[in-house]
Amino acid sequence: MKKFARMAYPYAIWAIVMIVLPMLMILFYAFSTQGNDVVQVRLTLDNFIYFLTEPVLLKVLATSFKIALITTVICVLIGYPAAYFMAKLGNKYQNLMMLLITLPTWINMLVRTYAWLGMLQSGGLFDTVLGYLGIGPKQMIGTEGAVIFVMVYNFLPFMILQIYSQLIKMDTSYLEAAADLGADRVQSFWRVTFPLSLPGVISGITLVFLPAASTFQISQLIGQGSVQLIGNVIENYFLTTGDWNKGSAISLIMAVIIIISMYLTKKADKESAGKRRAV
Amino acid sequence: MKKIFSKFYLALILIFFYLPILYTIIFSFNDSRSLTVFKGFSLQWYERMFNDRNMMQAIWYTFVIAILATIISTIVGTIASIGLSKSRKALQLAIEQVNNLSVMNPEIVTAIGLLMLFSSFRVIEKGFLTLLLAHIAFCIPYVMLSVSPKLRSLDPNLAEAALDLGATPWQALTKVIVPQILPGIVSGALIAFTMSIDDFVISYFVTGNGVSNISILVYSMSKRINPSINAVSTLVIIIITVVLILVNIVPMLRKKKEVA
């Protein structure tokens, strides 16, 4: 058995070099200033102070999380009914729906985002439809609304699949019990089905919020430069100005905010689970 | 009434998901540059795609890297998972945490980490090799996440029994352990392949010397309208659809055969 254990060592070394070391480098650069000389390195909080005192960057930070939050909420609101209806379908149709919803997520995200570029352009499909309805023509490319719309498009399948897989795990005898005890359909949904599906909603939120908060390609393509998110700022620091210190610092700020929001979401879920048990 | 509403709702969702995909396919056959008005059928964008060296190279790199990264990360990930299942708890936990870090990290954070790693220690030049290494790095944790649960549900005495019955460790590994965890290995490989094909952010940061994949190509070309992108997209859509259908249908057919 010892012989088999040795098989893990090469990967342990690989993981240290390819996963741990890069993270340490981000920490190192975030807490030091330019002049990438390891010998005379000085630890400093300058990079963080710079961000927290720069109104433009704070605004970008706020916009990013606002857009990610709106995207997540919309995905829950649209995705929940979809998952619920899917779970009620016959077995054969359920598998087909699963395949049909998974398929787009396999297609390159850039390709899917680019497709919307043509559709949302002025004079494009949506513009024309809005024109017939008497609302348009409207400039959609370059607006926050369009960025959110395309984010919902890209991330909604993950939300649906997470909630769906939680819903089909549910023991239907709970619903029978609720009906026997005199609950009507609305009551049994809100007091039985919904609470039991919450873990799926939570993991769906994680899968949507995380990429929505850190994307830069959707805002670049659909926002056409007029919607700046943290991802765009990071891209700029690393690929245009080459300021690794500031770039690392803002990545760290972003990662910390994401981790805290994830933690709070999970905690809220646990607390409500506790309450459910108490009731 | 309720049933009709729910079917209508699901149909709307599917239209929402497939409309842009159909739109891309249709406009890849458009006779004009326009992305908004369909002027007539033509294959000119496909012709341009096949004549465009950058495009063909990007398509080539995308698939070569995806295939290599899938093979390497599946082998390494499986070996590491098997080793880990027989290792001390502390090492198991440590590697699990590191893998989780890699999976949970926003892509852009992984990307800048690898960018700094490759640029600081200039052992290899940025380009094909850094792209491949990065893809292997982010694929292995997914393979392990898919293989490890299968190993955990495996009877730990199985390998021991094989050894007692005179199997060499290699035989125990290939004839006993691997066949038992094969479904996990296959689904891990599948996840690795799609992660690699789909990746933009990490590739975009770690590449260099003009090496690009389809995602990078689409990103850099989308600043100007270029309907050839629709042709490339259509190609990607068709390949992925065929692969996914094969993956889903082949096991079904095999099952039917077994039953028959």
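Helices (H or I, at least four residues) and strands (E, at least two) are DSSP runs, numbered from the N terminus. With that in hand, here are the close-ups.

View 1. From the N terminus on, the elements of chain B read α-α-α-α-α-α-α-α-α-α-α, that is, 11 helices and 0 strands. This is a predicted model, in which local features need pLDDT of at least 70, side-chain atom pairs count only at pLDDT 80 or more, and totals for chains, interfaces and linings use all residues. Residues are numbered from 1 along each chain as its sequence is written, while chains are lettered from A and ligands numbered from 1 in the order in which they are written. The C-alpha atoms of chain B fill a box of roughly 75 × 60 × 35 Å, taken along the principal axes. Of the 260 residues in chain B, 42% are buried. Here a residue is buried if 20 or more other C-beta atoms lie within 10 Å of its own, exposed if 12 or fewer, and partly exposed in between, with C-beta atoms placed from the backbone. Two residues are in contact if their C-beta atoms, placed from the backbone, lie within 7 Å. Among the contacts in chain B with a separation of 6 or more, 77% are between residues 24 or more positions apart.

View 2. Chain A has 13 helices and 0 strands. Its C-alpha trace spans about 75 × 70 × 40 Å along the principal axes. Buried residues make up 39% of the 279 residues in chain A. Of the contacts in chain A between residues at least 6 apart in sequence, 71% join residues at least 24 apart.

**View 3. Where chain B meets chain A.** On this interface, 56 residues of chain B are in contact with 62 residues of chain A. On the chain B side, two or more residues come from each of helix 1 (2-27), helix 3, helix 4, helix 5, helix 8 (169-198), helix 10 (214-221) and helix 11 (228-259). Helix 1 of chain B gives the largest share of that side, 11 residues. By class, the side of chain B that touches chain A has 40 nonpolar, 13 polar and 3 charged residues. For these classes, Ala, Val, Leu, Ile, Met, Phe, Trp, Tyr, Cys and Pro count as nonpolar, Asp, Glu, Lys and Arg as charged, and the others, Gly among them, as polar.

**View 4. Helix 4 of chain B, one face in and one face out.** The 16 residues of helix 4 (residues 89-104) of chain B should span 22 Å at 1.5 Å a residue, and its end C-alpha atoms are 22 Å apart, which agrees. The expected span is 1.5 Å times one less than the number of residues. Which residues of helix 4 of chain B are buried? They are B:Ile95, B:Asn99 and B:Ser102. Seen down the axis of helix 4 of chain B, these buried residues fall within an arc of 55°, so they line one face of the helix; the arc is that of the directions from the helix axis to the C-beta atoms. An α-helix has 3.6 residues a turn, so residues three or four places apart point the same way. On the other side of helix 4 of chain B, B:Lys89, B:Ala90, B:Leu93, B:Gln97 and B:Asn100 are exposed. The cover over the buried residues includes helix 2 (9-30) of chain A, together with helix 3 (53-85), helix 5 (107-120) and helix 6 (128-152) of chain B.

**View 5. The two domains of chain B.** The domain assignment gives domain 1 (1-42 + 230-255) and domain 2 (51-221) of chain B; such bounds come from an automatic or database domain assignment. The C-alpha centres of domain 1 and domain 2 of chain B lie 29 Å apart. Between them, 4 residues of domain 1 are in contact with 4 residues of domain 2. The side of domain 1 of chain B that touches domain 2 has 4 nonpolar, no polar and no charged residues.

**View 6. The largest nonpolar core, around B:Leu114.** A nonpolar core is a set of buried Ala, Val, Leu, Ile, Met, Phe, Trp, Tyr and Cys residues joined through C-beta atoms within 7 Å. Of the 137 residues in the largest one, B:Ile112, B:Leu114 and B:Phe205 touch the most other members. Helix 8 (residues 144-167) of chain A gives the most to this core, with 15 residues. Leaving aside neighbours within four places in sequence, B:Leu114 is in contact with A:Pro22, B:Ala134, B:Ala137, B:Ile202, B:Phe205 and B:Val206.

View 7. B:Asn209 lies in the loop between helix 9 (201-206) and helix 10 of chain B. This residue has a positive phi of about 55° although it is not a glycine. B:Asn209 is exposed, with 10 other C-beta atoms within 10 Å. B:Asn54 lies in helix 3 of chain B and is exposed, with 12 other C-beta atoms within 10 Å. The C-alpha atoms of B:Asn54 and B:Val211, 157 residues apart along the chain, are separated by 9.0 Å.
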